[in-house]
Amino acid sequence: MNRLLWCLFFWVISQGTYAQRVGVYQFEKNLEEESGQLPPLKVLKETGIFQEDVLPELKNAKRSVYVFEKNYGLQFDNRAANGFLRDSYTIEIYFKFSALDSWKRVIDFKNRKSDHGCYIYDGKLNFYNFALGTRAPVRANEYTHYVISRNGKTKQLKMYVDGESKVEFTDQNNEGVIDEDGVLNFFHDDLIVKEEASAGAVAIIKIFDYVVEPTEVKKSYLKLNESVLKKPTVQPVATSPLPATTLPQAKTPPSANDLPSKEPSLVLSGQVQNETTRKPVKQPTVVVLDKNNIEKQRLKGTDDGLFKIAFEVGQDVYFMVEADGFFPTSIHYTAKELTEKSKNGTIFTLKPVTISESIVLKNIRFVQGMPELLPESEEDLNRLWMFMRDNPAAEIELHGHTDNLGDFDLNLALSRQRVESVKAFLVSKGIASQRISGRGFGSTRPIANNNREETRQLNRRVEFVIKKLK
């Protein structure tokens with residue numbers, strides 16, 4: 001009998017441990033969670049105001065909402081909530097933004113330290129820089145039912161608007177998981193790229209500690225939309241036509257390769273953007289390579305940076321992306337990643353070229369203590385070669401750096417020798433030697449802590465500075 005009672009006791013405890021929980025913030029003149037089980041939301045920057053607003057999907061009823069100015073967001077303190085929000089969750093928001101003319105941050109998981117997270121841009125849902133959704137019914141000054149969920153076991157992250165799934169991808173790097181700061185920020189800009197926030201209003205925020213199934217997401221929206229099946233059409237105020245950046249409608253310019261006449265196995269749509277401003281890069285070139293660096297396809301994107309490429313199922317793909325005024329970038333997708341990206345679209349970013357700015361060649365590797373280049377350096381070296389090839393008037397200065405281990409003078413000499421190795425590679429590919437100068441700095445210019453190997457290795461690097469472009 002005692003054993004039976006103990007088993008019953010532990011069964012009850014286990015049921016309580018894994019009970020599904022939800023926190024609800026209704027904004028009825030306060031920022032409190034309605035059950036009192038979770039902490040109130042915190043104000044970021046300055047406090048907004050509570051006022052009555054008409055909610056079209058609630059029979060046009062007036063209801064209290066929280067109105068915030070640009071960059072006056074809200075924060076959920078997961079530490080104060082005893083780790084309520086983990087790697088499996090659902091977040092539901094009913095809100096509106098007053099401006100959607102550019103990237104507008106919805107949710108930030110890394111306490112403003114990262115540019116990655118949930119955005120709305122031109123009516124499309126985005127989890128930058130991993131998935132780009134198709135156009136959704138999101139308009140300025142109209143309330144939107146917005147849901148994001150993440151499964152901690154499969155790492156599948158899904159984003160919905162008005163009950164419909166718009167983005168889905170595998171969050172391998174845990175970008176959709178709160179970091180060590182333990183906070184979740186809403187509607188607030190990060191510290192990396194400025195001017196990516198909007199003023200607006202929020203009526204409901206729900207935070208679930210579990211994954212809500214798609215059918216339940218749809219039901220939740222329909223409950224909001226009991227009497228009004230469609231939002232009233234409101235013509236946006238604009239001085240010029242909205243940019244045609246919906247990926248499925250992108251048309252390849254005449255200079256691009258035609259897609260196969262038969263139905264392709266996979267079609268990857270995407271956009272190339274300026275890494276700094278997030279604006280589209282005009283007519284980028286996208287080159288498809290095989291694993292041996294042999295070119296297989298080449299096409300030029302549109303003036304809005306859009307492109308579309310067909311592939312066969314089951315192949316790894318290597319991309320090289322370049323455009324006038326930008327430093328080329330390379331991307332590798334496994335067969336699985338390519339299939340995933342073909343569903344949701346992708347975003348490639350290019351770093352704009354700036355005179356006198358140092359650019360780190362992150363993947364240049366040398367034999368330990370030697371100036372000899374390792375094979376894995378070839379990708380970054382080819383990117384630098386492409387830049388020099390495509391900008392025949394450009395002149396660069398290479399900078400070699402080491403960590404602080406070993407003799408100072410030997411490190412200084414080694415940094416100079418490694419610069420010469422990179423220069424020799426470029427010259428062997430046809431770049432005139434007079435266009436390349438170099439300097440070695442040894443251990444005198446660290447960019448990371450030299451006390452630990454994982455950061456010390458960042459100091460063993462080669463950089464280049466553009467001295468002349470045209």
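I began with burial: of the 470 residues of the protein, 50% count as buried (under 20% relative accessible area, with exposed over 50% and partly exposed in between, using a 1.4 Å probe and protein chains only). This is a predicted model, in which local features need pLDDT of at least 70, side-chain atom pairs count only at pLDDT 80 or more, and totals for chains, interfaces and linings use all residues. Residues are numbered from 1 along each chain as its sequence is written, and side-chain values use heavy atoms, with hydrogens and water left out.

Next I checked confidence. The mean pLDDT (the predictor's confidence in each residue, from 0 to 100) is 82, and 87% of the residues reach 70 or more. Over residues 7-17 the pLDDT is below 50, and I found zero contacts (heavy atoms within 4.5 Å) for this stretch beyond near neighbours in sequence. Residues 227-264 also have pLDDT below 50, yet that stretch has 56 contacts beyond near neighbours in sequence.

Then the fold. I counted six helices and 27 strands, taken as DSSP runs numbered from the N terminus (helices H or I, at least four residues; strands E, at least two). Among contacts with a separation of 6 or more, 68% join residues 24 or more positions apart.

Finally, I turned to A393. Where does A393 sit? I found A393 in the loop between α4 (378-390) and β25 (395-401). A393 is partly exposed, at 32% relative accessible area. Leaving aside neighbours within four places in sequence, A393 touches R435, K468, L469 and K470. For A393 and K470, I noted 77 residues of sequence between positions and a C-alpha to C-alpha distance of 5.3 Å.
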